[in-house]
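User: Please explain the aromatic contacts in the structure shown below, setting each value against its criterion.

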Amino acid sequence: MRDIAPAKSELEPIENASVDELRSLQSERLKRALHYAFENSPFYKKRFEEAQVHPDDLVNLDDLALFPFTVKEDLRRSYPLGMLATDRSRTVRLHSSSGTTGKPTIMAYTRGDIDLWANLIVRCLRAAGVRPGDLVHNSYGYGLFTGGLGVHYGIERLGACVVPIGGGQTAKQITLITDLKPKAIMVTPSYLLNILEVLRENGHDPEALSLEVGILGAEPWTAKMRREIEGAFDMHALDIYGLSEIIGPGVGSECVETKDGSHLWEDHFYPEIIDPETGKVLPDGQEGELVFTTLTKEAMPVVRYRTRDITRLLPGTARPMRRIERVTGRSDDMMILRGVNVYPSQIEEQVLTVEGLAPHFQIERFVEGRMDGMRVCVEPDPAIGQGAVKASPASDPATILKRRIKEMIGINVEIRLGEVGSVPRSQGKAVRVVDLREKK
């Protein structure tokens, strides 16, 4: 893989600042942000008054713990635009969550928000080694999802050229990548694996492609998946972090020179880690739930938004901003089986360790007698073939996977080894868990 890291001279001043300078800026912006929310958002004025706190109560950064949390249900209850902190006429774009876990949430943006978002994507692209004039293949979904349009404007702002294909049309994606020879691809990791599979099925060598870096996000993925992608394509694979309620993709990203967790752009988003059960703020380095307060957002600022992402805050390396460890799961995606907490990323980790299995899986939850059961649906690696897998019962991948999940996670699950292609393929964000239990 080529060294494509940016030079120090290419970075913004804040990316070369000291930690003390960053904390001073955060303190100033956080005070202003709390006042802005209190004075312009009826939701936050009421919420602060109910909690008997005022923006003036913030003397130092630790005082943010005095203020109440915001949760996704607040956005749902305020549907469609009850959390606006600006006049409706100042908004220039609306995005929405998928609504797959409940009523959709609407996110609004002013022109200033859109400009900020584009500039943050520029920062992410630069951190990944993308430069003006480069070609970027954008496979994130366009439309109400924040991914496609969110990174599109940043690619153009950088001065790079965007191929706005979005998700799906895998054969066409491969044709465009082959013919146009982009330097970078922005895509969900699960869909990139789908592209890889189709490439191999058609006899193409992924290493022969022009891609030098993949900027991957919108779903948790593992270190083993990074190694597989980097080995297959001979390119850097970097994580980009974001969520719609904060702004979209671009809240943070990995830097190509270190690839050691996403640096959060703390000059615009103040992070905390809390105990998901008690809400207590935890010190840096301890695992818990990630919480954000926006520092510069106009249309829909959020104060102490609980992301449900489970991770740790770590010191900065390539930048002064703190990093997050790779997200291990979401507190609301967490499954409990026989008293054991299970995240889909833990299952994925084990699937990727078993020789003979493709990197595709789906978890099914079902009722077994009076107890909940769990089934992991997998398929053979097409390079090995179904026949070869079945011909070796002593090294049956399904048996090995079942044993590894028991040893490493501590639960007994069913394993369903289907035919090649039997696990549903992602055309965007992967559906990792299907709940087949009857809803009461």
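User: How many aromatic pairs does a search of the whole structure find?

Analyst: The search finds six aromatic pairs. Rings of Phe, Tyr and Trp (its six-membered ring) pair if their centres lie within 6.5 Å; planes under 30 degrees apart count as stacked, over 60 as edge-to-face and the rest as tilted. This is a predicted model, in which local features need pLDDT of at least 70 and side-chain atom pairs count only at pLDDT 80 or more, while totals for chains, interfaces and linings use all residues. Residues are numbered from 1 along each chain as its sequence is written, and side-chain values use heavy atoms, with hydrogens and water left out.

User: Why is the pair of Phe43 and Tyr44 called edge-to-face?

Analyst: The centres of Phe43 and Tyr44 lie 4.8 Å apart, and the angle between the planes is 85°.

User: What makes the pair of Tyr241 and Phe292 tilted?

Analyst: Tyr241 and Phe292 are 6.2 Å apart centre to centre, with 40° between the planes.

User: Why does Tyr241 count as buried?

Analyst: Tyr241 has 7% relative accessibility, and buried means under 20% relative accessible area, exposed over 50%, partly exposed in between (1.4 Å probe, protein chains only). Phe292, at 0%, counts as buried by this criterion.

User: Which residues do ring pairs link into a cluster?

Analyst: The cluster consists of Phe38, Phe43, Tyr44, Phe48 and Phe67.
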